[in-house]
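Let's take a walk through this structure together. Keep the sequence and the 3D view at hand as you read.

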Amino acid sequence: MQINKEKLQKNLDEKWKAVHCPYCNDHKWTVDPTIMTLVEVEENKQITLGGKFQPLVAVTCRCCGNVALVNTLILDCIDEKEYKEVIYLIRQTKTSKIILRIYQKWKMIQNF
Ligand SMILES: [Zn+2]
């Protein structure tokens, strides 16, 4: 998925120039223009890949490393049509559902 890096930087420069980090109060941020998304953990402790998709970029405080996730759709730096195509593809991909039992894995590791 393509991101308009110039528009991303321009919008961040406008909207984040006065934003201070809540942890160290610095105001120098850097952005990684790679689109990422969060993964949903269900009540039964399963992770579903291919679920919800939020096109996020990581904005990092250059002083303390605090990371804020910013939605690129809201910043208007991705193509909305392409975003909807990705959502459609995710919903159509049946093989993308992978189940991980986090709690059981963690317990297994603790028992060693
Ligand atoms: Zn900070």
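In which loop is Asn25 found? Asn25 belongs to the loop between helix H1 (5-16) and strand E1 (29-36). Helices (H or I, at least four residues) and strands (E, at least two) are DSSP runs, numbered from the N terminus. Before going further, please note that this is a predicted model: local features need pLDDT of at least 70, side-chain atom pairs count only at pLDDT 80 or more, and totals for chains, interfaces and linings use all residues. Residue numbers start from 1 along each chain as its sequence is written.

Now for the overall plan. The protein chain holds three helices and five strands, and from the N terminus on its elements follow the order α-β-β-β-β-β-α-α. Of its 112 residues, 9% are buried; a residue is called buried if 20 or more other C-beta atoms lie within 10 Å of its own, exposed if 12 or fewer, and partly exposed in between, with C-beta atoms placed from the backbone. Two residues are in contact if their C-beta atoms, placed the same way from the backbone, lie within 7 Å. Among contacts between residues at least 6 apart in sequence, 62% join residues at least 24 apart.

Next, have a look at the sheet. Strands of a sheet pair through backbone hydrogen bonds, either parallel or antiparallel. Here three strands make an open sheet in the order E1-E4-E5, with antiparallel pairing; two strands pair if DSSP finds at least two bridges between them. E1 and E5 are the edge strands, each pairing on one side only. From one strand to the next, the twist averages 25°, where axes are lines fitted to C-alpha atoms, for helices over the stretch in contact, and angles run from 0 to 180 degrees between N-to-C directions.

E1 and strand E4 (residues 56-61) run antiparallel and are joined by five bridges. You can find Asp32 with its bridge partner in E4, Ala58. Helix H1 packs on the sheet, where H1 touches E1 and E4, and the direction of H1 makes about 135° with that of E1.

Asn25 is not a glycine, yet it has a positive phi of about 70°. Asn25 is exposed, with 10 other C-beta atoms within 10 Å. Asp76, also a residue other than glycine, has a positive phi near 60°. Asp76 sits in the loop between strand E5 (67-71) and helix H2 (80-92), and counts as exposed because it has 12 C-beta neighbours inside 10 Å.
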